[in-house]
Amino acid sequence: MIFAHISRSLRDTFPARASEWALATMLFGWSVILHASPDLFQSGPPTYTALANIMPQSTWAALCLVVGGGRLVVLAVNGAWRRSPHARGLSAFISALFWFEITIGILQGGSYGVGLAVYPVLFLLDCYNVIRAFGEAGRSDANHKRVAGNGTDA
């Protein structure tokens with residue numbers, strides 16, 4: 001039952017949520033890279049040193065795993081019981097904080113590489129996803145109240 005829902009929901013919603021899936025996968029990928037290269041923050045460019053000053057690499061890796069993986073799960077099961085744009089909005093908001101912190105790390109590191117062309121855009125895209133998901137949440141809540149108020153499903 002749940003797998004049939006996930007399959008149908010993915011086909012129906014993926015085009016509109018492609019950026020959410022991509023950003024969740026990127027954050028999860030950050031975790032994979034940080035776990036696979038445990039000395040990356042020590043041996044990498046100054047940007048990584050600035051990120052290490054925010055929190056240790058192992059903490060970044062664990063949080064990216066939880067947030068990125070959790071967001072992928074939220075996207076997969078979204079609407080299995082009731083439409084859940086609230087969870088999508090919250091996970092997009094938390095992800096946006098990561099892109100923001102990475103952007104700050106790049107700026108503090110002083111080596112303005114290509115990451116400065118990418119991470120601020122990822123941050124802004126997730127800000128857009130937050131606005132869009134919470135807009136859907138408001139419409140979903142209003143519809144739920146309307147349906148509950150008149151006892152019909154239409």
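Predicted model: local features only at pLDDT ≥ 70, side-chain atom pairs only at ≥ 80, totals over all residues.

Colleague: Fine. What makes up the chain, in terms of helices and strands?

Modeller: There are 6 helices and 0 strands, so the order from the N terminus reads α-α-α-α-α-α. The C-alpha trace spans about 60 × 30 × 25 Å along its principal axes.

Colleague: Why is α5 called roughly antiparallel to α6?

Modeller: The axes of α5 (residues 85-109) and α6 (residues 115-150) cross at roughly 160°. The cut-off for roughly antiparallel is over 145 degrees, so the pair gets that label. Their axes also come within 8 Å, and the crossing is left-handed.

Colleague: Which classes of residue form the contact of α5 with α6?

Modeller: That contact has 20 nonpolar, 7 polar and 4 charged residues.

Colleague: How do you know that the span of α6 agrees with its 36 residues?

Modeller: At 1.5 Å a residue, α6 should span 52 Å. Its end C-alpha atoms are 52 Å apart, so the two values agree.

Colleague: And what makes a residue of α6 count as buried?

Modeller: Its relative accessible area has to be under 20%. In α6, the residues that pass include Tyr119, Leu122, Asp126, Asn129, Ala133 and Val147. Over the whole chain, buried residues make up 37% of the 154.

Colleague: How many of the contacts between residues at least 6 apart join residues at least 24 apart?

Modeller: 70% of them do, counted along the sequence.

How values were computed. Residues numbered from 1 in each chain as written. Heavy atoms only, no water. Axes fitted to C-alpha atoms, helices over the stretch in contact; angles between N-to-C directions. Helix = DSSP H or I, 4+ residues; strand = E, 2+ residues; numbered from the N terminus. Parallel < 35°, antiparallel > 145°, perpendicular 65-115°, else oblique. Left-handed = near helix turned anticlockwise from the far one by under 90°. Nonpolar A, V, L, I, M, F, W, Y, C, P; charged D, E, K, R; others polar. Expected span 1.5 Å × (residues − 1). Buried < 20%, exposed > 50% of the residue type's maximum accessible area, 1.4 Å probe, protein only. Contact = heavy atoms within 4.5 Å.
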